[in-house]
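Me: I would like to go through this model with you, one question at a time. Please give the cut-offs behind each term when it comes up.

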Amino acid sequence: GWDYRDQVIDTLEKFDMVNYALFKGAPTLQEAADFVAKNPKAQYMHIINDANAGDLQNMTGFIPNAVEVAFDSKDDVQAQPAYLKEVASKTDLWVNSMYNSVSGGYTDEAALRDPKLGWQHFADVNARVIQTDNVVTLNAWRKGVDVTKLGIQPGTSIRIQVEDFID
């Protein structure tokens, strides 16, 4: 709702709920800084993608509460481990493992084949938040469970995973 942020914050203030909200968008850093300066209780998460990957170098005076980094290719500037670690050194790094289009293939499904292909990669670059559709399985992996075999009964089970749309 970035385009409706003024109406949203007015409503949240009316019900004393600003501290329960996270404003998220990819405006210019100056627009985001101005909004937060005008609304000091507001928490803001900046989205970095192909169009604004250079924003990281401009995060000096204004640092968002978190940054979500989205990339559709492992070759993208913002997908590089050093870039992701730099984000994590400045603020909370948020990544999304639900879709190829925002994770460059480091998906939940890839993590089920081998955690190094998904969740472990994000842990290694110091991601603070991994958005997932597989919360139970991700938590099992965090506890040391071998998720590549989770739910599979030898001789009686197979797992079918779809990782991308087929035309």
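Me: In which helix is the place of Leu 84?

Reply: This is a predicted model, in which local features need pLDDT of at least 70, side-chain atom pairs count only at pLDDT 80 or more, and totals for chains, interfaces and linings use all residues. Residues are numbered from 1 along each chain as its sequence is written, and side-chain values use heavy atoms, with hydrogens and water left out. Helices are DSSP runs of H or I with at least four residues, strands are runs of E with at least two, and both are numbered from the N terminus. On that basis Leu 84 belongs to residues 81–90, which form helix α3.

Me: Is Leu 84 buried or exposed, and what is its relative accessible area?

Reply: Buried means under 20% relative accessible area, exposed over 50%, and partly exposed in between, with a 1.4 Å probe and protein chains only. Contact means heavy atoms within 4.5 Å, and, leaving aside neighbours within four places in sequence, Leu 84 is in contact with Val 69, Gln 78, Ala 79, Leu 93, His 121 and Val 125. Leu 84 is buried, and its relative accessible area is 0%.

Me: Which residues of α1 are buried, and where do they lie around the helix?

Reply: The arc is that of the directions from the helix axis to the C-beta atoms. In α1 the buried residues are Arg 5, Ile 9 and Leu 12. Seen down the axis of α1, these buried residues fall within an arc of 60°, so they line one face of the helix. An α-helix has 3.6 residues a turn, so residues three or four places apart point the same way.

Me: What covers the buried residues of α1?

Reply: From α1, Arg 5, Asp 6 and Ile 9 meet Glu 31, Phe 35 and Lys 38 of α2. The cover over the buried residues of α1 includes β1 (22–25) and α2.

Me: At what angle do the axes of α1 and α2 cross?

Reply: Axes are lines fitted to C-alpha atoms, for helices over the stretch in contact, and angles run from 0 to 180 degrees between N-to-C directions. Angles under 35 degrees count as roughly parallel, over 145 as roughly antiparallel, 65 to 115 as roughly perpendicular and the rest as oblique, and α1 and α2 are therefore roughly parallel to each other. The axes of α1 (residues 5–14) and α2 (residues 29–38) come within 12 Å, and their crossing angle is roughly 20°.
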